[in-house]
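Colleague: Could you walk me through this one while I have it open on my screen? I would like to hop between a few spots.

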Amino acid sequence: MKPVLAILGATATGKSALGMALAERLGGEIVNADALQVYRGFDIGTAKPGLAERARVPHHLIDILEPHERYSAGEFARLAEEAIREIQNRDRLPVVVGGSGLYLRALFEGISPIPVADPAVRQRLRDRLGEGGEGLAELYQELRGLDPETAERLPAGDTQRILRALEVALVSGKPLSAWISSQPFGAQRIAATRIGLTLPRSILYDQIAGRVARMVREGWVEEVAGLLARGVSPDSPAFQAIGYRQIVQSFEGEWSLDQAIEETVKATRRFAKRQETWFRKEPDVTWFSAQDLDRQILRVLEHVTRSGLGRAYG
RNA sequence: GGCGACGUAGCCAAGUGGUAAGGCGAGGGUCUGCAAAACCCUUAUCCACCGGUUCGAAUCCGGUCGUCGCCU
């Protein structure tokens, strides 16, 4: 497969804007590598590109799921690869834009073909964990028996991963560690020219606060109210999105709207920090300052044409 | 000016004689299908300051400074 262009970086650094600009100049189409922009109706708080942007440049993997549907790194990797193939068949340049490190890794390095767990099994494990259940320690012990390698790796408090590892072993009869070693990351690569956007922490945090405030002005709270009124369950996967949760909690009286907004800003800051931690050790990323983006675009363009991409898409 | 309360980390705060809880914030990190998730680690050689009592003081006593409240 021919190489693609990828734009990554923490939230609120301007990835979408840069992606648009590059796609327009290079004859590209955007492949969204974001876990929440896939949900219909979750627009403002996910900073989803608007209809105007999408009319100017084709976007893929946006608005493809209903809020109750589940998405995942593996699903993303499959869909993204398909989209990339189609775009390349049209002789256009795929521009992958996103901030989720795992999703990007799954796409570019290939993710092990681990079977999706049976929801019934997941529910049963949840029940065993819950009130009057055995508790996490017991489940962790069980995992030690079924998949000692993974148990060794995981901290005893990581409920989410312990459950997942048990799920895989129970459903497939093969431990997660075996699935992984049969096709580790890196076994199936898609070449990419990776552009990273970064900002000094204090500026990034200002940016985040400003963006959340703007989203609220643009009707974020009303959007959330509308989703609930339409019957979207607050327990839907889509409501895992930062801000949406907090706003729902303010509706439920847990805190005031101002507090919800403040909590949203905080959660976004923590998220951005985690993204930076992930990307920091990611190899083969050429970093550009997100300050003064307009002027950076020329430098990025130059870098892109000099990279393998210029040749591949002559 | 008088009286009273208070002064513990960037913020909030517990601790009232035995050698500084916790929360928030911040920073660092882990990551194979929930990833905008989940999890882990670090963050006060020291309790406004000075002196005293005591084997031992953030804790008791005196003074100084500061903050707040009430009174004049």
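This is a predicted model: local features need pLDDT of at least 70, side-chain atom pairs count only at pLDDT 80 or more; totals for chains, interfaces and linings use all residues.

Colleague: Where is Leu-125 found, and is Leu-125 buried or exposed?

Modeller: Leu-125 is found in helix H5, residues 119-129; helices (H or I, at least four residues) and strands (E, at least two) are DSSP runs, numbered from the N terminus. Leu-125 counts as buried because 21 C-beta neighbours lie inside 10 Å. The rule is that a residue is buried if 20 or more other C-beta atoms lie within 10 Å of its own, exposed if 12 or fewer, and partly exposed in between, with C-beta atoms placed from the backbone. The C-alpha atoms of Leu-125 and Arg-164 are separated by 9.5 Å, although these residues are 39 apart along the chain.

Colleague: Changing topic, how many residues surround RNA strand B?

Modeller: There are 48 residues around RNA strand B, and the closest are Ala-35, Gly-74, Ser-100, Gly-157 and Pro-184; a residue is near a strand if its C-beta atom, placed from the backbone, lies within 6 Å of it. The elements giving two or more residues to this surface are helix H3 (73-89), helix H4 (101-109), helix H8 (159-172) and helix H13 (257-280). The largest share, 10 residues, comes from H13.

Colleague: And by class, what does the surface near RNA strand B have?

Modeller: That surface has 22 nonpolar, 13 polar and 13 charged residues. Here Ala, Val, Leu, Ile, Met, Phe, Trp, Tyr, Cys and Pro count as nonpolar, Asp, Glu, Lys and Arg as charged, and the others, Gly among them, as polar.

Colleague: Back to H13, then: which residues in H13 are buried?

Modeller: Ala-260, Ile-261, Thr-264, Thr-268, Arg-269, Ala-272 and Phe-279 are the buried ones in H13. What covers them includes strand E1 (4-9), H4, strand E5 (192-198), H10, helix H12 (244-251) and strand E6 (285-289). As for length, the 24 residues of H13 should span 34 Å at 1.5 Å a residue, and the end C-alpha atoms are 34 Å apart, which agrees; the expected span is 1.5 Å times one less than the number of residues.

Colleague: You mentioned H10, so which residues of H10 are buried?

Modeller: In H10 the buried residues are Leu-204, Gln-207, Ile-208, Val-212, Met-215 and Val-216. Seen down the axis of H10, they fall within an arc of 165°, so they line one face of the helix; the arc is that of the directions from the helix axis to the C-beta atoms. On the other side of H10, Ser-202, Gly-210, Arg-214 and Arg-217 are exposed. Helix H11 (220-229) and H13 are included in what covers the buried residues of H10, and just after H10, Gly-219 takes a positive phi of about 105°.

Colleague: What is Leu-204 in contact with, leaving aside its neighbours within four places in sequence?

Modeller: Leu-204 is in contact with Ala-10, Ala-12, Thr-13, Leu-199 and Ala-272. Leu-204 counts as buried because it has 22 C-beta neighbours inside 10 Å.

Colleague: Where does Ala-12 lie?

Modeller: Ala-12 lies in the loop between E1 and helix H1 (15-26), and its phi is near 70°, a positive value in a residue other than glycine. Ala-12 is buried, with 25 other C-beta atoms within 10 Å.

Colleague: Last one, how many helices and strands are there in chain A?

Modeller: Chain A has 15 helices and 6 strands, and buried residues make up 35% of its 314 residues. The C-alpha atoms of chain A fill a box of roughly 60 × 50 × 35 Å, taken along the principal axes.

Methods. Residues are numbered from 1 along each chain as its sequence is written. Chains are lettered from A and ligands numbered from 1 in the order in which they are written. Two residues are in contact if their C-beta atoms, placed from the backbone, lie within 7 Å.
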